[in-house]
Amino acid sequence: MKAIEVKTGMKISWDARYSLSLLILLSSILSLCNGQDYGMPGEDGAGGGEPPPEMANCNGIFLSYSFGSREREYPHVKNVTAQSWAFKSSAMIVNAGREELKGWQMFIGFRHKELIVSATGAALMDGDYPLDASNGTTFVGTPNTDLKTSIETAGDFTQISTNIEITGTLFGVAKGVTPMPRTIKLNNDGWECPAAKRKGGNMHVCCKRNPKFKVKTGPRTKFAPRRYGDLNIVYDVLQSFDSNYLAQVTIDNDNPLGRLDRWNLTWEWMRGEFINTMRGAYTHKKDPSECLYSKAGNYYKDMDFSQVMNCQKKPAISDLPPEKKDDNVTGKLPFCCKNGTLLPPIMDPSKSRSIFQLQVFKLPPDQNRTALYPPQHWKIDGVLNPQYKCGPPVRVDPSQFPDSSGLPAITYAISSWQVVCNITKPKAQASRCCVSFSAFYNNSAIPCNTCACGCNDIDTDTCNANRNPLLLPPDALLVPFENRTLKARAWAKQNHMPMPKKLPCPDNCGVSINWHVNTDYRNGWTARLTVFNWRDFAFEDWFVAVEMGKASLGYENVYSFNGTRVPPNNRTVMFQGLPGMNYLVGLVNGTIRSPPVPGKQQSVISFTKKNINGLNIPEGDGFPTKLFFNGEECALPKHFPKKSSGHRRGISVLVSFVLALAVAFALIMD
C-alpha cells in the first residue's frame with residue numbers, strides 16, 4: 001500500500017492512519033461518557049444542560065434566571081410605556097445541598113407589567129395563564145414537585161433540578177434595555193436568600209437553610225406537608241388499573257366567611273384523559289362526538305362513547321340536586337347532592353364539605369397502574385360568592401379513610417394531591433353586591449356606587465359610568481334603578497342640588513344592602529340592616545357579615561336575625577335568618593302601576609358604647625369598613641352621611657320611620 005509523505009519527512013501508511021483515527025475517535029467517545037450527564041430538558045422540565053459555573057460554590061438551593069429574547073408586538077405605538085413586547089426567558093432551580101427540598105416554590109419578582117402566557121416544567125401558584133405578574137409570581141414544580149440531592153441520586157441532574165421555560169408579554173421597556181426581574185428567591189419556609197447577583201441578562205442566587213428556623217413538630221411526611229387556605233380541595237386516587245383509575249374529589253370550606261352556592265368546578269386534562277362515569281356530580285356537557293373524533297376514540301375502538309360522561313379537555317362540573325342523593329347510580333355518597341352549597345363551618349359544619357367521584361380513562365404512554373397525573377389549572381366559583389384563586393395540585397401523603405368493613409382499621413388512598421384556593425378581593429367595578437348608607441341625622445341616602453358591579457353590559461352612551469351616584473330619598477332604595485329617575489330629579493330640585501344632563505349609570509348588582517344608623521345616644525346606638533335581592537332566584541341560608549373596627553366590640557343584640565361574633569378577633573359579626581326566615585326570595589314582577597319588588601329581609605341591631613373610648617357615630621364609626629353577603633365582599637360607598645349644622649332632627653326621624661314602615665309593609669305583602 002502506498003504511504004503518505006508528510007512535511008516532517010515521516011511516512012505514515014494507510015493502515016497506521018486508519019488505526020490512529022479510530023483511536024482518536026474512541027478516546028473522544030470515552031471522554032464524553034466519563035463526563036457527568038446533566039441531561040437535556042424534557043417535557044416535564046427535568047434536566048437542563050450544562051449547569052452555570054456559579055453553582056460550584058453553592059451548598060444549598062441554586063436559583064438562576066436568564067433573559068432570552070424579545071420581539072415587538074402589535075400594535076406598534078410611539079409611547080414606550082404602552083408598547084408591548086413578546087419575551088422568552090428561562091429559570092433554573094437546582095438542589096446543590098445535602099437536604100431534599102420538598103414542594104419547591106421559586107419566586108420571580110417581575111416588574112415590567114409582565115403577563116405570563118405559558119411555562120414548561122412548572123405551574124403558577126397564583127392563578128392560571130395568562131397571569132398578570134406585575135408584582136412577581138411564584139412557580140411550583142409539576143410534576144417534579146421535589147428536588148432530591150445529588151448524593152442520593154448519584155448526580156442525576158434530572159432529579160435534582162428543574163428548568164422553567166417562560167413565554168410572556170412585557171410593557172414599558174425601551175429598546176436596547178434588558179428587562180430583568182427585581183429579584184429571585186426561594187419561598188419555602190426556613191430558607192434564606194441573599195440579594196441575587198446580576199450580570200447582563202443573567203442573575204443567580206444561592207439560598208441556604210436558616211439555622212434558627214424551628215421546624216414545626218408533627219409527623220414526618222414523605223411528600224409536601226398539607227397547607228390550608230380558604231378552600232381546600234383534595235384529589236385522591238382510590239383504585240388504579242392499567243387503563244383507568246377511580247378518583248375522589250373532596251372540597252372543604254375552611255373560611256369562617258367563605259361560601260359557595262351552585263359551585264362550578266373546572267380543570268384541564270394534560271394527558272388526554274376523559275371522564276367515563278361520575279357519582280355525586282355531573283358535567284355540563286355530554287357530547288359523544290367529542291370522544292369519537294379524539295385520540296380517545298382512536299385508541300378505545302370498542303368503547304361505546306354514547307355512555308361516556310365527558311371527553312372535554314376542560315370539563316365543567318357541578319354538584320347534584322338533593323333529589324339525586326339516594327340514586328343508586330349517581331348518588332349515595334356522603335356530603336354530595338346539596339345543589340352546590342358550601343356553607344361556612346361556623347354556620348353548619350355538615351354543609352361545609354362536598355364530595356364526588358369519577359372514573360378516569362388514560363391514554364398511552366400512561367397505560368400502567370402507577371402512571372397517575374392529576375388535572376391542572378383548577379378554577380371554582382359560585383353564583384354570588386367570593387372569587388377564589390386556586391394554586392396547582394401538590395402531591396401530599398395519601399389521605400386516610402375509615403375502613404368500609406366497619407372494622408377499626410384505616411384505609412389509605414393510592415395517591416393524593418391537594419389544591420389550595422384563597423379568596424381574592426374584588427377589583428373595582430367587579431363586585432357582585434353593593435352597600436348603600438343612610439342615617440337618621442341626614443335626609444338623603446347615599447346609594448350604591450356607580451357601576452359597582454360593572455357596566456360592561458349596558459350602553460354607557462346613555463349614562464355616565466364615571467359620575468358619583470345621585471343622592472336619593474331613602475324610600476327610593478326600595479325600587480329598581482330604572483324607576484328612581486323621577487324620584488332623584490324631584491329630590492334634587494327639593495334640596496337645591498345640581499342635576500347633570502347625563503345621569504350616572506346603575507350599580508348593576510344582584511344584591512344590595514342598606515345600612516341605616518337609626519339612633520345615637522349617650523350609652524349606645526342602633527342600626528338597621530336591610531338586604532335586597534334583585535335576582536330572579538332565591539338565596540337559601542343567606543348570611544351578612546359586618547366588620548366595623550372598634551364599634552364592633554359593642555355589639556349587643558339583633559332582633560330579627562341570628563347574630564354571631566366571628567373568632568378570633570370578634571370584630572366581625574355574622575347575621576343570618578332565623579329558622580323559617582333563612583330564605584331570601586327573589587325579585588317579584590310588578591304590575592302596570594307598580595315596579596318590581598325585590599326580596600328583602602330587615603332587622604334592627606343594637607350596640608353599646610361602654611368601655612369603648614372615642615366612638616363617634618356620625619363621623620364614620622357607625623358604618624361598616626367591610627360588609628360581606630354570602631362571603632362576597634360588597635362594594636361600599638365612597639362617603640357616608642354627614643351631620644350638618646342645619647340638621648332638622650324631626651324631619652330626619654320621620655323619613656327614617658317612613659322607610660322602615662315601607663319595608664315592613666313590603667315584607668308583610670310578601
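**Figure 1. C463 and C505 form a disulfide, with their sulfur atoms 2.0 Å apart.** The view is taken from a predicted model. The torsion about the S-S bond of C463 and C505 is about 90 degrees, so this disulfide is right-handed. C463 lies in the loop between β29 and α6 (485-494), and C505 lies in the loop between α6 and β30. The pair therefore ties together parts that are 42 residues apart in sequence. C463 has a relative accessible area of 9%, so C463 is buried. C505 counts as buried because its relative accessibility is 2%.

**Figure 2. A disulfide joins C451 to C455.** The S to S distance is 1.7 Å. The torsion about the S-S bond of C451 and C455 is about -90 degrees, so the disulfide is left-handed. C451 and C455 are both buried.

**Figure 3. C390 and C421 are joined by a disulfide.** By the distance rule, the model holds ten disulfides. In the link shown here, S to S is 2.0 Å. The link of C390 and C421 is right-handed, with 105 degrees about the S-S bond. Distant parts of the chain are linked: C390 sits in strand β23 (residues 387-390) and C421 in strand β27 (residues 415-424), 31 residues apart. Both C390 and C421 are buried.

**Figure 4. Six strands form an open, mixed sheet.** The strand order is β29-β28-β30-β31-β38-β34. β29 (442-446) and β34 (555-558) are the edge strands, and each pairs on one side only. From one strand to the next, the twist averages 20 degrees. Strand β28 (residues 433-439) pairs with strand β30 (residues 511-520) in the parallel sense, over seven bridges. Within this pairing, S436 has N514 of β30 as its bridge partner.

**Figure 5. Five strands form an open, antiparallel sheet.** The order runs β35-β36-β33-β39-β40. β35 (561-566) and β40 (632-633) stand at the edges. Each has a single partner strand, so one side of each is left without a neighbour in the sheet. β35 pairs with strand β36 (residues 572-577) in the antiparallel sense, over six bridges. The bridge partner of N562 in β36 is Q576.

**Figure 6. F274 and F305 form a tilted aromatic pair.** The count of aromatic pairs in the model comes to 23. F274 has a relative accessible area of 1%, so F274 is buried. F305, at 4% relative accessibility, also counts as buried.

**Figure 7. Ring pairs link five aromatic residues into a cluster.** The members are Y235, W267, W269, W378 and W417.

**Figure 8. Arginines sit over aromatic rings in two places.** The charged end of R271 sits over the ring of Y373. The distance to the ring centre of Y373 is 4.0 Å. R353 lies over the face of F335. Here the distance to the ring centre is 5.6 Å.

Technical notes
Residues numbered from 1 in each chain as written. Predicted model: local features only at pLDDT ≥ 70, side-chain atom pairs only at ≥ 80, totals over all residues. Heavy atoms only, no water. Pairing = 2+ DSSP bridges. Helix = DSSP H or I, 4+ residues; strand = E, 2+ residues; numbered from the N terminus. Phe/Tyr/Trp six-rings, centres within 6.5 Å; stacked < 30°, edge-to-face > 60°. Buried < 20%, exposed > 50% of the residue type's maximum accessible area, 1.4 Å probe, protein only. Lys NZ or Arg CZ within 6 Å of the ring centre and 35° of its normal. Axes fitted to C-alpha atoms, helices over the stretch in contact; angles between N-to-C directions. Disulfide = S-S within 2.5 Å.
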